[in-house]
Amino acid sequence: MDNFFQRVFDIVKQIPEGRVTTYGQIARMIGEPRKARYVGFAMHQSPGVAGGVPCHRVVFKDGSLAPGFAFGGPDAQRVLLEKEGITFLPDGRVDMKVCSWEV
């Protein structure tokens with residue numbers, strides 16, 4: 001699984017500031033289209049922004065954010081994304097039409 005995690009981290013490091021992508025998109029990019037959940041496991045184990053992996057830029061398909069525990073509190077991921085200019089819909093989801101990273 002370590003190689004899988006490293007492949008995930010390598011993709012996440014490429015997500016530009018001000019953009020987001022989804023767990024499923026990352027899984028497809030590394031040739032593992034049915035392993036979106038494992039991408040989530042990798043994000044939970046990542047070294048984080050301080051380690052060069054901007055995991056806060058990975059969201060659910062509908063633009064929903066990770067559960068609160070993943071970033072140290074329920075609003076931490078949103079704060080990081082807002083600092084990068086990510087826009088949100090009124091219901092709190094990322095505006096995927098505007099902010100999605102398309103490769």
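Biologist: In what order do the elements of the protein run from the N terminus on?

Modeller: In this predicted model, the elements follow the order α-β-α-α-β-α-α. The secondary structure comes to 5 helices and 2 strands.

Biologist: What makes the radius of gyration of the protein agree with that of a compact globule?

Modeller: For 103 residues, a compact globule would have a radius of gyration near 13 Å, and the protein has 12 Å, so the two agree. Taken along the principal axes, the box filled by the C-alpha atoms is roughly 35 × 25 × 20 Å. Of the 103 residues, 42% are buried. The protein exposes about 5900 Å², of which carbon and sulfur atoms supply 52%.

Biologist: What share of the contacts between residues at least 6 apart in sequence joins residues at least 24 apart?

Modeller: That share is 60%.

Biologist: Why is F4 counted as buried?

Modeller: Buried means under 20% relative accessible area. F4 has 5% relative accessibility, and therefore it counts as buried. F4 is found in helix α1, residues 2–12.

Biologist: Which residues are in contact with F4, leaving aside its neighbours within four places in sequence?

Modeller: F4 is in contact with I30, E32, K35, Y38 and V39. A contact here requires heavy atoms within 4.5 Å. As for P33, which is 29 residues from F4 along the chain, the C-alpha atoms of the two are separated by 12 Å.

Biologist: Why is P54 called buried?

Modeller: The relative accessible area of P54 is 9%. The cut-off is under 20%, so P54 is buried. P54 lies in the loop between α3 and β2 (58–59).

Biologist: Which residues does P54 contact, apart from its neighbours within four places in sequence?

Modeller: With those neighbours left aside, P54 is in contact with V12, K13 and V49. P54 and N3 are 51 residues apart in sequence, and their C-alpha atoms are 18 Å apart in space.

Biologist: How do you know where empty space is left?

Modeller: A probe the size of a water molecule is rolled over the atoms, and this shows where empty space is left. The largest pocket has a volume of about 380 Å³.

Biologist: What lines the largest pocket, and which residues lie nearest its centre?

Modeller: The lining consists of 19 residues, and Y23, G40, F41, F60 and P67 lie nearest the centre of the pocket. Helix α3 (residues 36–45) gives the largest share of the lining, 6 residues.

Biologist: How many residues of each class does the lining of the largest pocket have?

Modeller: The lining has 13 nonpolar, 4 polar and 2 charged residues.

Conventions. Residues are numbered from 1 along each chain as its sequence is written. This is a predicted model: local features need pLDDT of at least 70, side-chain atom pairs count only at pLDDT 80 or more; totals for chains, interfaces and linings use all residues. Side-chain values use heavy atoms; hydrogens and water are left out. On a 1 Å grid over the protein atoms alone, a cavity is a set of points where a 1.4 Å probe fits but cannot get out, and a pocket is an open set with protein on both sides within 12 Å along at least five of seven lines; lining residues have an atom within 4 Å of a point. Grid points are joined across faces, edges and corners, and a volume is the space filled by probe spheres set on the points. Helices (H or I, at least four residues) and strands (E, at least two) are DSSP runs, numbered from the N terminus. Ala, Val, Leu, Ile, Met, Phe, Trp, Tyr, Cys and Pro count as nonpolar, Asp, Glu, Lys and Arg as charged, and the others, Gly among them, as polar. The radius of gyration is taken over C-alpha atoms; the globule rule is 2.2 Å times the number of residues to the power 0.38. Buried means under 20% relative accessible area, exposed over 50%, partly exposed in between (1.4 Å probe, protein chains only). Accessible areas come from the Shrake-Rupley method with a 1.4 Å probe; for residues, only the protein chains shown count as cover.
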